[in-house]
Amino acid sequence: MDQTLQFYTHIISIISGLLFWVGFFIFGIIAHKYSKVFNKQTFYLFMMTAPSGILVYSLLLIIKISINNPELNNVIQIIAYISFILSIIFTLIAILRFNFVLNLLLHYKGEK
Amino acid sequence: MDKRVLSNISMAGMLRILCNYKKSGIYNIETSEKKIQIYINKGEIIKIIPCEKDEREFLIEILSSLKNFSFYFEEKNLEKGLSLKMCIEDVILESARRIAKQGGCELIREFLLPENEVLKISKFPEEKSIYIKFTSDEWNLMSSFDGSKSIENVIIDGGYNKEKAETILYGLLSAGLIRRTRFKIQELFKIVRGELGNIGFAIVDAEMFKNNIDKSKMGMKEFLKLLASLENSFTEIVGKTKAQLIIEKIWEATK
Amino acid sequence: MKYDVVLFEVAILLLIITCIYCGVVLHKLTLIIKERSFIWVFPVLASVVLLFALVSHIYASFILMPQLNDSIEILTSKNSLMDEKIFESTKLVIEKIKMILLQLRIFSFTSFLIAAFLLTFSGAVYIQKISK
């Protein structure tokens, strides 16, 4: 039972990591369109690549459980959390930038 | 004689075209009372029959007449004659002033362009010289048309009395001093703003900047290039179907 | 101080804020294409789901884990080893806490999955709308 639930959480963490990446990747595609049309920096590349850190986090946690080496576990855990938080920070920066660009465009009145 | 019927061109406008295109022949003007013949040789007025007074004054009187008339042109080679050295544009402007004084604004309305037309000052060919007297209103109204404003915009922004502005406009148009821009750019902006809001406006500006297009000097080539770029940009933002609809609307309204 | 746990919770909080902003962005995007759509609600819902996951993680890390550690200490103490009743009851408590922790872990991961799905779904619907 425990092993089944453990396996379930592993699968779920990978799928959710992948889905988050895909979700933000889609937002990155939309931001890229605006970047292309208006020639404005939207940090779309950040949005497309940074969320991979969520997937890295999931994978590292699985590796940590599989290896079961206490010394290595701490290192892996720290790397996983840093990767997770950095990816979220860059993704947030990108989405804030895109939001800023959208605000500018929605209030555009012809000034250059 | 080859007869063709033209609508929406005034007697004055027709005379100006004949002079500017250096035609030779007899310009006939008929009212219920009399028939007047203006002899034109290679764009220069050489004779007016019958003419009881100063030719320039007589021509102004004819062009500012509020009576019913018809006019037609007989193209033919004429004997070389002495030019009356009239600046036809000046004559037409003066006739417009007389029409305004007589309260003939209703009659000239059919010769005016729709209010959403965008106008600009005409260019003249190199060898042409003109001597015109302008009033301040005439000059100011003419100089307001920079190729990006519609008739409505100019009248409202300039605070002109509509009837007075229409008479001045009639004179300027008939004299060929201002003309329509090829494309109604204002309509383009109106449509994109209506469809996409301020972002539509931003897209048009961005595409004009990217393609290095000056909206006051846009020819057919630049306009088609702009439309193609706009369609691509609109497709990115709102999808292909809606983009095509917007472009069709723009094409219908601005051509 | 469990720095790694705090780091994780800060990351989840930032992810919640990111999801909220994704909703804001989607709302503006739907305004641009002039389509009355509620797809912007999905990323906001995702942030709500993530908030539940965050709360459960905080509860697990700062309440349950210390309780578990305390129970393990009791279990391995002299008193417990000497007294069977204390040993058994402590063992039960530990099992209960472990079960709750496992459930919270599953809940947390499932919440992540739901949040990820909601975010991806909203983005996909928007892309589908502008691809027509």
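**Exercise 1. The interface of chain C and chain B**

Task: For this predicted model, determine how many residue pairs are in polar contact across the interface of chain C and chain B, and characterise the side that chain C contributes.

Solution. 
1. Salt bridges between chain C and chain B number zero.
2. By class, the residues of chain C that touch chain B comprise four nonpolar and two charged, with no polar ones.
3. In terms of contacts, six residues of chain C meet 13 residues of chain B.
4. About 640 Å² is buried between chain C and chain B, and carbon and sulfur atoms give 52% of this area. On the chain C side, C:Ile32, C:Lys34 and C:Ile130 lose the most area to chain B, together 64% of what that side buries.

**Exercise 2. The interface of chain C and chain A**

Task: State the area buried between chain C and chain A, and identify the helix of chain C that supplies the largest share of the side touching chain A.

Solution. 
1. The size of an interface is often expressed as the accessible area lost when the parts come together.
2. For chain C and chain A the buried area is about 3500 Å², with carbon and sulfur atoms giving 85%. The residues of chain C that lose the most area to chain A are C:Lys28, C:Phe109 and C:Leu113, together 15% of what that side buries.
3. In contact are 39 residues of chain C and 39 residues of chain A.
4. Five residue pairs, both members at pLDDT 80 or more, are in polar contact across the interface of chain C and chain A, while the salt bridge count between these chains is zero.
5. Helix 1 (3-32) and helix 4 (84-130) of chain C each supply at least two residues of the side that touches chain A. The largest share, 20 residues, comes from helix 1 of chain C.
6. Divided by class, that side of chain C has 31 nonpolar, five polar and three charged residues.

**Exercise 3. The sheet of chain B**

Task: Give the strand order of the open sheet in chain B, and explain why strand 3 and strand 4 each have one side without a neighbour in the sheet.

Solution. 
1. The open sheet of chain B has four strands in the order 3-2-1-4, with antiparallel pairing.
2. Strand 3 (44-49) and strand 4 (69-75) of chain B are at the edges and have a single partner strand each, so one side of each lacks a neighbour in the sheet.
3. From one strand to the next, the twist averages 20 degrees.
4. Six bridges connect strand 1 (residues 25-31) and strand 2 (residues 35-41) of chain B in the antiparallel sense. B:Gly25 has B:Ile40, in strand 2 of chain B, as its bridge partner.
5. Helix 1 (residues 11-20) of chain B lies across strand 1, strand 2, strand 3 and strand 4 of chain B, and runs at about 175 degrees to strand 1.

Key. Residues numbered from 1 in each chain as written. Chains lettered and ligands numbered in written order. Predicted model: local features only at pLDDT ≥ 70, side-chain atom pairs only at ≥ 80, totals over all residues. Heavy atoms only, no water. Contact = heavy atoms within 4.5 Å. Buried area = accessible area lost by both parts, 1.4 Å probe. Salt bridge = Lys/Arg side-chain N within 4 Å of Asp/Glu carboxyl O. Polar contact = N/O pair within 3.5 Å; in protein donor to acceptor, adjacent residues only side chain to side chain. Nonpolar A, V, L, I, M, F, W, Y, C, P; charged D, E, K, R; others polar. Pairing = 2+ DSSP bridges. Axes fitted to C-alpha atoms, helices over the stretch in contact; angles between N-to-C directions.
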